[in-house]
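This report is an introduction for a reader who meets the structure below for the first time.

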Amino acid sequence: MTNSSTYDNEAVLIQQLIIGDEKAFEYIFDSYYVHLCHYARKLLCDQDLSEDIVHNTLCNLWTKKHKIKITTSIKPYLFRSVYNAAMTHLRHRKTEEKYAKEKYYQFIQNEMMLTPDKEIEIINNELGKKIYEAIDSLPEKCQKVFRLSKISGLKNQEIAEELGVSINTVQTQMKIALKKLRAKLGDQRFLLLMLCLGKNQFNS
């Protein structure tokens, strides 16, 4: 029977894993799981997802043990595997988010922004009222900056001069305004608001 001290020799550890020694796999799991999760969390900023990535990586190590080729040592192999899995996930998520955003934007344009008359109708109906209410609910400074920028069409420098503040203050207040409007309106209404403002359909 192989004892745990035998696994201190990496060559033996890898060889035992390849031939299907469950104790060797358990030794690897216990030795690296926590460290791999910590590393994955730095890449993904998500504890549950990080644990899933590490769990799948270690499971793949076991299920594909006969095919693995480790030319250095087990530690860099595992960290590289987790890194690759994390990057693959992030690429897929970015692609999915981009696709969803494009489809959503297309839906808004097809269903709600078909013609200028349709845009005006939307602005004048109950939805338009909710948008106006959201703008009116902004803190005074945010509302002034938002109206001057998005409705009056002034540039940041012009707004700063108009209000007697710095450009940095203008930018900060605009970020706050957009964040509050998105939270109050939700993604769909917020996007509609941005589309309409981009086409100058709102009046101050």
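Predicted model: local features only at pLDDT ≥ 70, side-chain atom pairs only at ≥ 80, totals over all residues.

Residues are numbered from 1 along each chain as its sequence is written, and side-chain values use heavy atoms, with hydrogens and water left out.

**Overall make-up**

The chain holds nine helices and zero strands, in the order α-α-α-α-α-α-α-α-α from the N terminus. Helices (H or I, at least four residues) and strands (E, at least two) are DSSP runs, numbered from the N terminus. Of the 204 residues, 32% count as buried, a term for under 20% relative accessible area, with exposed meaning over 50% and partly exposed in between (1.4 Å probe, protein chains only). Among contacts with a separation of 6 or more, 59% join residues 24 or more positions apart, where contact means heavy atoms within 4.5 Å.

**Helices H1 and H2**

The axes of helix H1 (residues 10-18) and helix H2 (residues 22-44) come within 8 Å and cross at roughly 120 degrees. H1 is therefore oblique to H2. Angles under 35 degrees count as roughly parallel, over 145 as roughly antiparallel, 65 to 115 as roughly perpendicular and the rest as oblique. Axes are lines fitted to C-alpha atoms, for helices over the stretch in contact, and angles run from 0 to 180 degrees between N-to-C directions. H1 contributes Glu10, Leu13, Gln16 and Leu17 to the contact, and H2 contributes Ala24, Phe25, Tyr27, Ile28 and Tyr32.

**Cysteines and Thr63**

A search of the whole structure finds zero disulfides, a disulfide being a pair of cysteine sulfur atoms within 2.5 Å.

| Residue | Relative accessible area | Class |
|---|---|---|
| Cys37 | 5% | buried |
| Cys59 | 30% | partly exposed |
| Cys45 | 69% | exposed |
| Thr63 | 54% | exposed |

Cys45 lies in the loop between H2 and helix H3 (47-63). Although Cys45 is not a glycine, its phi is positive, at about 55 degrees. Thr63 lies in helix H3. The C-alpha atoms of Thr63 and Ile18 are separated by 9.9 Å, with the two residues 45 residues apart along the chain.
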